[in-house]
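Here are a few notes to read alongside the model. Have the viewer open and follow along point by point.

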Amino acid sequence: MKPRCAGCSKRIAKGEPDLILRQVAPENPTRTALRLVYHVRCNAAALERASEIPALWHMTHRYIDAEAN
Ligand SMILES: [Zn+2]
């Protein structure tokens, strides 16, 4: 399955930098309940989604592999 951006619904090309937004399960923070992929240029949409429940979302920039706050 080809990854689609959860922000603009367009395909994310192979090798294109992307953002992974993970929602952790409230009852078990080590479990990922939901995983969304975004273009880096669509990070505004990702941030908007994450700001709804900031405590449950972890954003990962795949190519830097660091957790953003
Ligand atoms: Zn996008």
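1. Where does valine 24 lie? In this predicted model, valine 24 is part of strand β1, which covers residues 18-25.

2. For context, the chain has one helix and four strands. Going along the sequence, you get the order β-β-α-β-β.

3. Now for the partner of β1. Strand β2 takes up residues 28-39 and runs antiparallel to β1, with eight bridges joining the two. The link between β1 and β2 is a hairpin of two residues. Across from valine 24, the residue in β2 is threonine 32.

4. A residue needs 20 or more to be called buried, and 12 or fewer to be called exposed. Across the chain of 69 residues, 16% are buried.

5. Which residues does valine 24 touch, leaving aside those up to four places away in sequence? The list is Pro29, Arg31, Thr32, Ala33, Leu56 and His58. Thr32 is also the residue standing opposite valine 24 in β2.

6. One distance to check in your viewer: valine 24 and arginine 35 are eleven residues apart in sequence, and their C-alpha atoms are 8.8 Å apart in space.

7. Taking contacts with a separation of 6 or more, 51% are between residues 24 or more positions apart.

Notes. Residues numbered from 1 in each chain as written. Predicted model: local features only at pLDDT ≥ 70, side-chain atom pairs only at ≥ 80, totals over all residues. Contact = placed C-beta atoms within 7 Å. Buried ≥ 20, exposed ≤ 12 C-beta atoms within 10 Å, placed from the backbone. Pairing = 2+ DSSP bridges.
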